[in-house]
Amino acid sequence: MRQTCRTLRGVLRSLRLYYGDGERRAAMDRLYGRFVKSGDLVFDIGAHVGDRVAAFRRLGARVIAVEPQPALVTTLKLLYGRDRAVTIEPLAIARSPGMIELKLNLDNPTVSTASDAFVQAAHGAPGWEGQRWTKTIDIPVITLDALIERHGTPSFIKIDVEGLEAEVLAGLSHAIPAVSFEFTTIAPEVATDCIARCATLGYARYNAILGESHALIHPDWLSAGAITAWLSSLPIEANSGDVYALQGSEVSDQ
């Protein structure tokens, strides 16, 4: 009963945080409107409580919402279960199919993770005080390639999986027009690996946002080397954000 109450409080906290700000919604729509148009298919990998699902639907996209946490799957079904343009996949994505152990943070489900390295990096880090992963569950896993085979090729993939982003991209064999992936300053090597994977797939232009600002940090798109240098320059207090990668002509280092 105590765990159920903690889980409910955590979900309600996320709902207040991610749905309670009209200006934030407008900023999300402006940002994602750069990559998504009406009729597009979008993959939301790590959908959490679905605020990005809401943004993609406002833009007229069809959405595959991938979320492994049972309490959040229930939340997504309550919010979007009647929307025929939203498909909820209660599983995880990684480099190969199988099963994976998901570590649940009951008080703050947004940072639940399948990465042991992420949990270790968070221990004692500034801004991560008090975070606890106290329960584990086994979750089925498929690859991005398998998700594409199941649902079709998306125009945009958003990846936010708390330290497993590079594993997700490792299961993508062909570039799609645009992707985004979360980075954290406690585990910068994950973002570096993601950029390297994106470069191998043919992504040539990069940009980023800090935190939940939903404003690109650079007026021009950067090279893989330039975005990597920018990430490495961030203080640990910057905490997190998202990198955006586009196909297209290469840009010079800036």
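Is H214 buried or exposed? At 6% relative accessibility, H214 counts as buried, and this residue of the predicted model lies in the loop between strand 9 (205–210) and helix 9 (224–233).

**Helix 2 and its crossing with helix 3**

- The axes of helix 2 (residues 22–32) and helix 3 (residues 51–58) come within 9 Å and cross at roughly 60 degrees, and the two helices are therefore oblique to each other.
- The crossing in which helix 2 passes helix 3 is right-handed.
- On the side of helix 2 the contact is made by R24, R25, M28, D29 and Y32, while helix 3 contributes D51, R52, A55, F56 and R58.
- Within helix 2, the buried residues are R24, A27, M28, L31 and Y32, and because they cover an arc of only 120 degrees around the axis, they sit on the same side of helix 2.
- An α-helix has 3.6 residues a turn, so residues three or four places apart point the same way.
- Turned away from the buried side of helix 2 is a face that carries the exposed residues E23 and R30.

- In helix 4 (residues 70–80), the buried residues are L72, V73, T75, L76 and Y80, and seen down the axis of helix 4 they fall within an arc of 160 degrees, so they line one face of the helix.
- The face of helix 4 that is turned away from its buried side carries K77 and L78, which are exposed.
- Helix 6 (residues 144–151) has L144, L147 and I148 as its buried residues, and these cover an arc of only 100 degrees around the axis, which puts them on the same side of helix 6.
- Just after helix 6 comes G152, a residue that takes a positive phi of about 105 degrees.

**Residues in strands**

- V66 is found in strand 2 (residues 62–66) and is buried, with a relative accessible area of 2%.
- Although V66 and I88 are 22 residues apart in sequence, their C-alpha atoms are 6.0 Å apart in space.
- Not counting residues up to four places away in sequence, V66 touches D44, I45, G46, A47, E89, L91, I93 and L147, and L147 is itself one of the buried residues of helix 6.
- T136, in strand 6 (residues 135–142), is partly exposed, with a relative accessible area of 44%.
- Once residues up to four places away in sequence are set aside, T136 touches E101, L102 and K103.
- Between the C-alpha atoms of T136 and S213, which are 77 residues apart along the chain, the separation is 31 Å.
- S180 lies in strand 8 (residues 178–184) and is buried, its relative accessible area being 1%.
- Not counting residues up to four places away in sequence, S180 touches F156, I157, K158, I159, V243 and Y244.
- G241 has its place in strand 10 (residues 240–246) and is likewise buried, with a relative accessible area of 3%.
- Leaving aside its neighbours within four places in sequence, G241 is in contact with F181, E182, F183, I209, L210 and G211.
- The C-alpha atoms of G241 and L231, which stand 10 residues apart along the chain, are separated by 9.9 Å.

**Positive phi in loop residues other than glycine**

- E162 has a positive phi of about 50 degrees although it is not a glycine, and this residue is found in the loop between strand 7 (156–159) and helix 7 (165–170).
- With a relative accessibility of 4%, E162 counts as buried, since the cut-off for a buried residue is under 20% relative accessible area.
- H214, the residue of the opening question, has a phi near 60 degrees, which is a positive value in a residue other than glycine, and its 6% relative accessibility places it among residues that count as buried.

Key
Residues are numbered from 1 along each chain as its sequence is written. This is a predicted model: local features need pLDDT of at least 70, side-chain atom pairs count only at pLDDT 80 or more; totals for chains, interfaces and linings use all residues. Side-chain values use heavy atoms; hydrogens and water are left out. Axes are lines fitted to C-alpha atoms, for helices over the stretch in contact, and angles run from 0 to 180 degrees between N-to-C directions. Helices (H or I, at least four residues) and strands (E, at least two) are DSSP runs, numbered from the N terminus. Angles under 35 degrees count as roughly parallel, over 145 as roughly antiparallel, 65 to 115 as roughly perpendicular and the rest as oblique. A crossing is left-handed if the near helix is turned anticlockwise from the far one by less than a right angle, and right-handed if clockwise. Contact means heavy atoms within 4.5 Å. Buried means under 20% relative accessible area, exposed over 50%, partly exposed in between (1.4 Å probe, protein chains only). The arc is that of the directions from the helix axis to the C-beta atoms.
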